[in-house]
Amino acid sequence: MKEISESIIAEIAEKARVMRRDIIEMLGAAGSGHPGGSLSAADIVACLYFWEMNIDENNPQWADRDRFVLSKGHAAPLLYAALAEKGFFPREKLLTLRKLGSPLQGHPDRNKLAGVEACTGSLGQGISWAVGMALAGKIDKKDYRVYALLGDGELEEGMVWEASMAASHYKLDNLLIFVDHNGLQIDGRIADIMSPEPVADKFRAFGWEVLAIDGHDYRQIMESLVTAQNTRGKPTAVIANTIKGKGCSFMEDRVEWHGTAPKKDEVAKALLELA
Amino acid sequence: MEKQATRDAYGKALLELGKLHQDIVVLDADLSKSTKTAEFARSFPERFINAGIAEQNMMGMAAGLATAGKVVFASSFAIFATGRAFEQVRNSIAYGNLNVKICATHAGVTVGEDGASHQSVEDIALMRSVPNICVLVPSDGVSTRKALFKLYEQKGPAYLRLGRPSLPLIHDDDMEFEIGKGIELRKGKDACLIACGIMVEKALQAADLLLQEGIGVSVVDMHTIKPLDKDLIIEKARETGAILTLEEHSVLGGMGSAVCEVVCEHFPVPVIRMGLDDVFGQSGSPDELLQYYGLTPEQIVEKFHDLIKKKQK
């Protein structure tokens with residue numbers, strides 16, 4: 001089992017801090033995009049890319065690599081920040097986000113940027129890609145693992161539950177999904193707009209192993225990854241309770257930061273907090 | 001004359017291909033007995049995935065499987081594959097430019113008694129409007145088999161439109177099938193009948209009837225709707241000066257529309273499009289329905305005479 005020590009946790013925390021800064025800077029330069037849901041899942045994605053996943057930035061198409069699918073594709077800045085930090089592409093490219101001709105599309109395109117595994121952005125579809133990748137792993141008897149990150153609002157898409165049924169039916173224990181449970185969607189609180197609750201019970205009823213964690217507690221994230229690795233015969237859903245906009249006080253738990261980029265002064269303010 | 005449904009030819013060819021290529025994975029959405037993927041499922045259960053009655057997830061899974069190097073054949077009825085799951089086909093398979101072949105059966109009104117809910121008359125329009133997707137509508141069992149083998153070789157997304165009823169075999173086993181190249185089955189100078197799918201046979205019958213009147217028409221099996229054989233269409237427009245298009249599909253957005261786009265821009269001549277005139281189908285036997293919607297050889301002959309009047313103006 002991989003070690004979970006205080007020094008490793010400090011390393012991951014530092015990666016998450018850098019990624020959060022990158023997210024703010026990218027969105028500031030782009031002038032549009034989605035900060036709230038990028039920041040809420042930063043700690044989860046930091047644990048995946050810098051502690052959990054077996055990937056090779058020098059060989060992005062390595063057949064045995066672990067796969068990460070950003071099903072909540074609007075958190076693209078988070079994915080790009082992780083890939084840049086991992087060394088898939090030079091950091092300078094981050095500031096081309098959402099610009100004409102940039103490989104850093106507003107929502108991820110696997111054909112434009114190495115390291116991006118799926119074309120996502122239309123909610124609900126990424127989990128199905130992940131199920132397909134996990135099925136391929138089973139067919140080929142490979143031991144790679146597949147990870148997907150979903151938003152809690154995304155669970156309102158019916159397709160998510162078609163995919164959940166299939167993942168359980170085909171006993172995809174090589175699949176883990178994180179639900180970034182920040183409680184907000186564009187129009188307001190998920191509880192007011194269209195509640196997907198009880199989320200844990202739903203996945204359990206669909207035959208999944210379900211864990212509920214604090215999505216900003218690195219130890220809990222890592223422990224959930226270990227638990228999932230040891231779970232046999234079914235997929236794992238980790239319901240990660242998070243705060244939208246986490247790390248930037250004026251954005252935290254504020255729905256207006258779902259899809260609004262910070263202006264120059266707001267970028268400066270956020271970077272000061274993330275210094 | 002020997003008969004075979006294109007879906008039966010698909011099932012057999014899929015089995016053949018599955019024996020040859022280990023990278024083929026077949027998906028279906030609880031219709032494997034009807035789409036004829038069931039034989040593949042029996043022979044290669046480890047490479048067959050039943051998605052259940054969940055077409056959207058089937059298309060998403062197909063994308064995921066293709067990223068891992070699988071050549072995926074995903075089947076359902078045309079209405080569900082292209083209608084229910086349109087946005088998954090668009091955003092996951094086509095935008096991802098993935099090696100997924102959507103092989104949909106029960107296209108058009110010849111589904112018959114099940115009625116309009118199951119009769120897809122919009123699928124060609126939907127699929128040809130999406131970038132990256134190659135659209136094929138074979139006219140018989142022989143060309144279906146050839147099409148499938150070609151699709152395996154050609155990397156990228158494709159839509160193969162197949163039907164329910166048994167059809168006469170039009171092509172010889174040694175036919176040349178090239179994606180993007182229409183096949184002129186009859187030569188003639190008075191007009192050109194451009195048809196796809198089940199309407200190719202009807203066009204040939206209409207050509208026979210016209211021959212009895214001393215009229216010679218060209219008949220083209222336009223099995224590929226995208227990429228469309230522009231050169232052949234322009235050549236036939238120039239040679240015959242009048243085109244009749246025939247498809248078991250809406251006249252809006254389908255093969256006829258595609259032909260008109262080419263004719264308008266490159267060599268304008270009178271065209272009449274035959275197909276469903278912006279209406280849904282209904283229950284009935286396939287033959288009754290083809291008669292009702294004006295798609296019999298005799299009705300084609302009538303339209304030919306309308307076309308000739310336009311040509312002579």
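Q: At what angle do helix α3 (residues 42-52) and helix α4 (residues 76-86) of chain A pack?
A: Keep in mind that this is a predicted model. The axes of these two chain A helices, α3 and α4, lie 10 Å apart, and α3(A) passes α4(A) in a right-handed crossing. The packing angle is about 35°.

Q: Which residues of α4(A) does α3(A) meet, and how many residues in that contact are charged?
A: From α3(A) come A:A42, A:V45 and A:Y49, and they meet A:L78, A:A82 and A:K86 in α4(A). By class, the contact has five nonpolar residues and no polar ones. The charged count is one.

Q: At what angle do α10(B) and helix α11 (residues 255-266) of chain B pack?
A: Over in chain B, the axes of α10(B) and α11(B) are 10 Å apart. The crossing of α10(B) past α11(B) is right-handed. As for the angle, it's about 60°.

Q: Which residues make the contact between α10(B) and α11(B), and how many of them are nonpolar?
A: On the α10(B) side you'll find B:K230, B:I233, B:I234 and B:A237, and on the α11(B) side B:V259, B:V262, B:V263 and B:H266. One residue of this contact is polar and one is charged. The nonpolar count is six.

Q: Is A:D253 buried, partly exposed or exposed?
A: First, the backbone: A:D253 has a positive phi of about 60° although it is not a glycine. Its place is in the chain A loop between β7 (236-241) and α10 (264-273). There are 16 C-beta neighbours inside 10 Å of A:D253, so it counts as partly exposed.

Q: And B:H106, is it buried or exposed?
A: B:H106 isn't a glycine, yet it has a positive phi of about 60°. You'll find B:H106 in the loop between β5 (100-105) and α7 of chain B. With 26 C-beta neighbours inside 10 Å, and 20 or more being enough, B:H106 counts as buried.

Q: What is the radius of gyration of chain B?
A: Chain B has 13 helices and 14 strands. The globule rule gives 20 Å for 313 residues, and the value for chain B is close to that, so chain B is as compact as a globular protein of that length. The radius of gyration is 19 Å.

Q: What percentage of the residues in chain B is buried?
A: Along its principal axes, the C-alpha trace of chain B spans about 60 × 40 × 35 Å. Among the chain B contacts with a separation of 6 or more, 79% join residues 24 or more positions apart. Of the 313 residues in chain B, the buried ones make up 58%.

Q: How far apart are the C-alpha centres of the two domains of chain B?
A: The domain assignment of chain B gives domain 1 (3-168) and domain 2 (183-312). Their C-alpha centres lie 26 Å apart.

Q: How many residues of domain 1 of chain B are in contact with domain 2, and how many of those are nonpolar?
A: Contacts link 27 residues of domain 1 with 29 residues of domain 2. On the domain 1 side, the elements giving two or more residues are α7 (123-128), β6 (134-136), α8 (141-153) and β8 (166-168) of chain B. By class, that side has eight polar and four charged residues, and the nonpolar count is 15.

Q: Which element of chain B gives the largest share of the side that touches chain A?
A: In all, 25 residues of chain B are in contact with 20 residues of chain A. α4 (55-67) and α6 (86-94) of chain B each supply at least two residues of the chain B side, which divides into 10 nonpolar, 11 polar and four charged. The largest share is nine residues, and it comes from α4(B).

Notes
Residues are numbered from 1 along each chain as its sequence is written. Chains are lettered from A and ligands numbered from 1 in the order in which they are written. This is a predicted model: local features need pLDDT of at least 70, side-chain atom pairs count only at pLDDT 80 or more; totals for chains, interfaces and linings use all residues. Domain bounds come from an automatic or database domain assignment. Two residues are in contact if their C-beta atoms, placed from the backbone, lie within 7 Å. Helices (H or I, at least four residues) and strands (E, at least two) are DSSP runs, numbered from the N terminus. Ala, Val, Leu, Ile, Met, Phe, Trp, Tyr, Cys and Pro count as nonpolar, Asp, Glu, Lys and Arg as charged, and the others, Gly among them, as polar. The radius of gyration is taken over C-alpha atoms; the globule rule is 2.2 Å times the number of residues to the power 0.38. A residue is buried if 20 or more other C-beta atoms lie within 10 Å of its own, exposed if 12 or fewer, and partly exposed in between; C-beta atoms are placed from the backbone. Axes are lines fitted to C-alpha atoms, for helices over the stretch in contact, and angles run from 0 to 180 degrees between N-to-C directions. A crossing is left-handed if the near helix is turned anticlockwise from the far one by less than a right angle, and right-handed if clockwise.
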